[in-house]
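Try each one before you read its solution.

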Amino acid sequence: MNLRTILRTTVACAAVALTADSARAQALAVPSVGTGLSGPVTLDAAAVYWNPGLTAYATEPTLLVGGHLLVGDIGYRRTRRATYQRPDSLDFALPIAPEAVDPEKTGPADPVAANPVGVLPSAFFITPIGKTGLVFGTGVYAPYAAILKFDENGAQRWALTQATIATVNVQPSIAYKFHEALAVGAGVSYVLGFAELARVQDFAALADVGGALGRPPINQRNDFGPNAPPGVRELDVMARPIRIHDAWGHAATFNVGLASQPTPRLKLGLTYFHTTSMTFNGRFSLDMNDDFFTRDLASQGLQYKPVVNGDASLSIPLPRSVVGGASYDFTDVIGANLVVGYTGWSVVDAFDVRVKSPDLAQPRIGLPDTSRILLPRRWKDTVAVEGTLRYRAADRLRTWLTLGYRSAASPDATIDVASPDGDRLVANLGANYALTPKLGLIVEGKLHSILPREVVGSENDLGNGRYRLNLFALGLHAAYAF
Amino acid sequence: MKATTPSMRVRYLPALALSAIVAAAPLGAGCLAAFEPPPEGPASPLAVGETRVVELRSTRFDVLDYEKTLTKADILALPADVQARLWLLDLDLSNGPNAPRLLDNALAAIRTADPKTLTPAARNLQRLLNMTPATADLRGTNLEELNALAPLIGIAPPRVLADLLAIDVDDEFIAPALAAEAILTNVIATHPNARTRLGAKTAANPDGIYPVARGSIPITLADAATNCASLSTKFGAVTQGGVFHPGFIVGTTSARVLEEDFRITVRANANALPYKGIELARAEVASVSSVRSQSDRLFNFEDPNWLVIDGLVPGVPVLESITFRIPEHPEFVRGGRSPMPRGFGSSEAWTLPPWSIEHVLISAAQSAYRGISTRIAYTAEGKTDPLFEAVVSDGFQEMNVAGGVGAPPAPSYLWDLLLEVAQVRLHDGQIPEGQADVEITLRDVPIGTDTATIERSIRENLEADPNALADLAATIIDNASGDADLYYYRASRDNAPERQGDWLFFVAEGDLPRDEAGRPKRPYSYARPGFFADAELTQKVSTKDLLDGDTEHEKVRIDDATVVYAEGLSGVYRLEALPKKSLYRRSVFVTRIR
């Protein structure tokens, strides 16, 4: 919901979707920038990210250092609801010959699961600049870093078999307090992302392949393309493993925050995260080692090398979002925060993946050395609401409990295992223990869990089935006030 | 390791750096790499006792109206055998429907041509064609005596010669039509490539070799694609059956038959994928062309668009230039002096190869004068008894001079006389003996058929020749690779249940891999083709029984755990079918047993 989350999420989405129709959406996005209590109305060093305007209220230099250990449990059981060919058949247009229909390829498939583990460090620092009223802040944080591995032969392999994702954000900020009732801050964020992923590319889903089949000289009516019906999908010959590796992406954007503390017990915050785009550039490797592609149709102009390597790139838009909140201390012991957010995920209509290699070119059948893969996403804007109850259990111990809800970005039509998204419940329980007057230790546990999601409306039966997503992050931070 | 360490370092450094930043230890371990390419080159030969598993599949890639366009260049790139079978027409040089009296008209035209416009060899021919009794030079011939005799009898030699031949002194010795006929018969019709051509292999003509009408030369699509430039090679020097023919077309032949953008587009319905088989010696997958087995259903002849031809010249194609050459014997050839053999005489010219100009000349003269029987006599003024008398009987002349006045030429056939006269005339201008070849160049000659006929001819010839069609299709859809000894086939569901399912086919001769010229790369040298129940290969279990239209291959149906034996080119192999994992795949254990 916050920019960091957006960036992190988008990096993940982009990376996973690089070859595939995968988009992680919010799947692995845990609001783990700073502590669980960090937010647009929480004055800590992580406000550099959450609301730079709020840092203007800082009266002393503060350092926040720590991280999260992320453990994920992602599960998917695909349910095929359409009619499929036998995988060793090769009808490329409907109707399928009766003999070629696979009677066993229907209903639930074997479930698959992945359990990513990652360490997500972060460090923030804010400091007033003399008596200027300005507060400088900076942050370095890694919202996500983990390996996601599914069964290479699982029913989900058309979406994803493996992904490695890591991002690092660097963000300086500056804030100024005009008045106790109004402070403004802004930050510039640079995101460096690294992604690798693997999946089985269904060539039946590629517009280029359908076009080459349909054009002279082959001139074959075919149903191949991004909207290929299930009946012509998932054929062994057309199932080409692909890996995107060494893909690096970066982006820069900014956020602007307003903060207000009209009364000592009330804080208000509003942050705008700007949109931008992010480009990943890397290499791809495509396994074409099948006689169909390497020699059987050579005289027809179709002959690939057994392995095609080349450059890959992906540019995706990063959505803008607005996060606002209020914090109120009912007493010196009890307080509450309310944060709401709106993220414009609808800007992500599709991922545009491009691969380029001279070895891709098949000039006799009109295939160039580049291939464009449009991965329909059609994401929806999302809303999020989180409420936090704060409780000072002792002089040196403050605790909190957060409960929240986030709507799903991925619609049923385009969801797949690479973006196991859904309406999500969020819970966070944490404690801050003051070891000394200046040093606090923050321990917390976060749980994000999507409501059980049974999808039946996936386009072309690509992602029907039951999704499970549980993310647990154990956080440990130290806050030090100089 | 030394070679990979630097690249590994480069590849992983950024990731490691990033992982260090995020303290994500698993990151480095998760780095993906490019796929490793498969090993190159063929597998090692299978050793005796060694077993390998080979997975075969029967994947169909059925294409409808698959379109293939052949340009001129594509046609010329077809295997020579395929090119030779793409016959278009026989160009009738004698009397075709659109080019009547083609050759003799051309010869007639040469007679009146400006000698300056002719090559030396063509001028030689012009001199021959224009030779008349009035222009004949009798010196050095057996008629030379007439030069001495004529003043004595008061008759000019040309008159005597004309009277002997029963023509006027200004008439040509040999009419162009007769010369043309002699050329067609002796020079052109004797060339092997003008006597037969390749065509459809049918039950009635299994070799597919057809005679070419005398006076015609066969033209193929490939000839047309070269604008007939290939004719000089096709009808050039050749030795066949130990007999040499120097050829008769020289120089650059050109024609306007096909436009530069000429193309033939065929539409085929086929399984474009090959049969997957096994090269036993290496126990590896090889592909056998599936096209020939589909030749009877590849093209829908009822669809007029199964073949579309574009780029034929409008109207009647024209042969712009073609030059025929007839070589001269290296030595002067005397006419005969004997009436035997009757009707021919004893000239050596008859024993020369028919394509020599001397043979052509004597043949043409014989055709012109073989029926002549006459008597001529010249009597001096005031005398009653003839001073000179000549009797011609069936072309054989005998001259007599009364009173011992001079010596008359020796008896001979008229064509013996003319052979010598013609040879002397050929060497006017002191042309050395043996260098008086003659040439005939035809220009802007309609080739005897129009574009529509050519298109119809291409279509009809291909439709009538399944083999040529199969060859063409095999070229269009060339999907074979490797050198299989047997292949996997799934019988259609049209068969009885017990004959459906998986089969192994032993390759037939037509399945052998081919080189670029369309010839098999190796001989079909299997001692015992087929499949056997025992390792000694004594109990054959395969048959050539009809299955899906095939009666050519030894074949055996296989099920899970079926074991058969087969002999490859170098060894005997045990083949054990493994249980199927999917409908269109079958794995086989291949064991070399000796």
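Contact here means heavy atoms within 4.5 Å. Helices are DSSP runs (H or I, at least four residues), numbered from the N terminus. This is a predicted model, where local features need pLDDT of at least 70 and side-chain atom pairs count only at pLDDT 80 or more. Residues are numbered from 1 along each chain as its sequence is written.

**Exercise 1.** Work out how H6(B) and H14(B) are oriented and which residues meet.

*Solution.* Start with the axes, which are lines fitted to C-alpha atoms over the stretch in contact, with angles from 0 to 180 degrees between N-to-C directions. Those of H6(B) (residues 120-129) and H14(B) come within 9 Å and cross at roughly 140°. Angles under 35 degrees count as roughly parallel, over 145 as roughly antiparallel, 65 to 115 as roughly perpendicular and the rest as oblique, so H6(B) and H14(B) are oblique to each other. Next, list the partners: B:Asn124, B:Arg127 and B:Leu128 in H6(B) meet B:Ala422, B:Arg425 and B:Leu426 in H14(B).

**Exercise 2.** Do likewise for H9(B) and H13(B).

*Solution.* The axes of H9(B) (residues 176-188) and H13(B) (residues 357-369) come within 9 Å, crossing at roughly 130°. That makes H9(B) oblique to H13(B). Among the residues that meet are B:Ala182 and B:Ile183 from H9(B), with B:Val360 and B:Ala364 from H13(B).

**Exercise 3.** Which residues does B:Ile440 contact, leaving aside its neighbours within four places in sequence?

*Solution.* Go along the chain: B:Leu103, B:Leu107, B:Ile110, B:Leu125, B:Ile183, B:Ile322, B:Thr323, B:Phe324 and B:Ile326.

Technical notes
Chains lettered and ligands numbered in written order. Heavy atoms only, no water. Helix = DSSP H or I, 4+ residues; strand = E, 2+ residues; numbered from the N terminus.
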